[in-house]
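Please examine the structure below. The paragraphs that follow lead through its ring contacts, charged pairs, ligand sites and backbone angles.

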Amino acid sequence: MPFIVTEPCVQCKYTDCVEVCPMDCFVEGPNFLAIDPAGCIDCSVCVPQCPVDAIVNAKEANEAQQPYIAINAQAAQQWPSITRRQPPLPEHEAWRGVVDKMHLLVQPG
Ligand code: SF4
Ligand code: F3S
């Protein structure tokens with residue numbers, strides 16, 4: 001199964017992950033990035049790049065992370081590709097340690 005972006009990315013969007021993906025499969029939404037499951041080759045090189053550990057293998061997703069499998073897949077159909085790192089969101093420091101941010105995610109569709 002592909003890798004997926006999960007909750008810690010919400011409101012932070014550090015984008016360190018996009019530079020290393022050999023398949024250019026990250027897409028960008030307003031306050032979250034997602035991975036196109038059709039492009040991901042499960043190489044895992046993006047995982048250690050994320051400073052908030054937001055990227056996991058979909059097959060290892062825990063119950064709270066399960067909804068992100070569909071969110072990543074849906075986002076990949078609608079959001080534009082991102083391959084260059086950019087500054088994180090302005091409030092990233094305040095949101096970095098916050099759990100339960102899913103309600104803030106500007107969802108695709
Ligand atoms: Fe890209 Fe590899 Fe990460 Fe999949 S696991 S998103 S192919 S860097
Ligand atoms: Fe998000 Fe981590 Fe990438 S915060 S943008 S998954 S580096």
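Tyrosine 68 counts as buried because its relative accessibility is 0%; buried means under 20% relative accessible area, exposed over 50%, and partly exposed in between (1.4 Å probe, protein chains only). The model is predicted, so local features need pLDDT of at least 70 and side-chain atom pairs count only at pLDDT 80 or more, while totals for chains, interfaces and linings use all residues. Residues are numbered from 1 along each chain as its sequence is written, chains are lettered from A and ligands numbered from 1 in the order in which they are written, and side-chain values use heavy atoms, with hydrogens and water left out.

The structure holds one aromatic pair. Such a pair is defined by ring centres of Phe, Tyr or Trp (its six-membered ring) within 6.5 Å, with planes under 30 degrees apart counted as stacked, over 60 as edge-to-face and the rest as tilted. Here the rings of phenylalanine 32 and tyrosine 68 have centres 5.7 Å apart and planes at 45°, so the pair is tilted. Phenylalanine 32 lies in the loop between β2 (26-28) and β3 (33-35), and tyrosine 68 in helix α1 (residues 67-78), so that distant parts of the chain, 36 residues apart, are linked. Helices (H or I, at least four residues) and strands (E, at least two) are DSSP runs, numbered from the N terminus. Phenylalanine 32 is likewise buried, at 0% relative accessibility.

How many salt bridges does a search of the whole structure find? The search finds three, a salt bridge being a side-chain nitrogen of Lys or Arg within 4 Å of a carboxyl oxygen of Asp or Glu. Side chains of opposite charge can pair when their charged atoms come close. In one salt bridge, the closest N and O atoms of lysine 13 and glutamate 28 are 2.8 Å apart. This pair links the loop between β1 (3-5) and β2, where lysine 13 lies, to glutamate 28 in strand β2, 15 residues apart. Lysine 13 is buried, with a relative accessible area of 5%.

Another salt bridge joins aspartate 16 and arginine 85 (2.9 Å, N to O). Aspartate 16 is in the loop between β1 and β2 and arginine 85 in the loop between α1 and α2 (92-95), 69 residues apart. Aspartate 16 is buried at 17% relative accessible area, whereas arginine 85 is exposed at 53%. Glutamate 19 forms a salt bridge with arginine 84, their closest N and O atoms being 3.8 Å apart. Because glutamate 19 lies in the loop between β1 and β2 and arginine 84 in the loop between α1 and α2, the pair ties together parts that are 65 residues apart in sequence.

Turning to the ligands, the space taken by ligand 2 is the largest cavity, and ligand 1 sits in the second largest cavity. Of the 13 residues around ligand 1, those nearest are Cys21, Cys40, Cys43, Ser44 and Cys46. Of the 13 residues around ligand 2, Cys9, Thr15, Cys17, Leu33 and Cys50 come nearest. Near means a heavy atom within 4 Å. On a 1 Å grid over the protein atoms alone, a cavity is a set of points where a 1.4 Å probe fits but cannot get out; a molecule sits there if more than half of its atoms lie within 2 Å of its grid points.

Finally, aspartate 24 has a positive phi of about 50° although it is not a glycine.

Note on methods
On a 1 Å grid over the protein atoms alone, a cavity is a set of points where a 1.4 Å probe fits but cannot get out, and a pocket is an open set with protein on both sides within 12 Å along at least five of seven lines; lining residues have an atom within 4 Å of a point.
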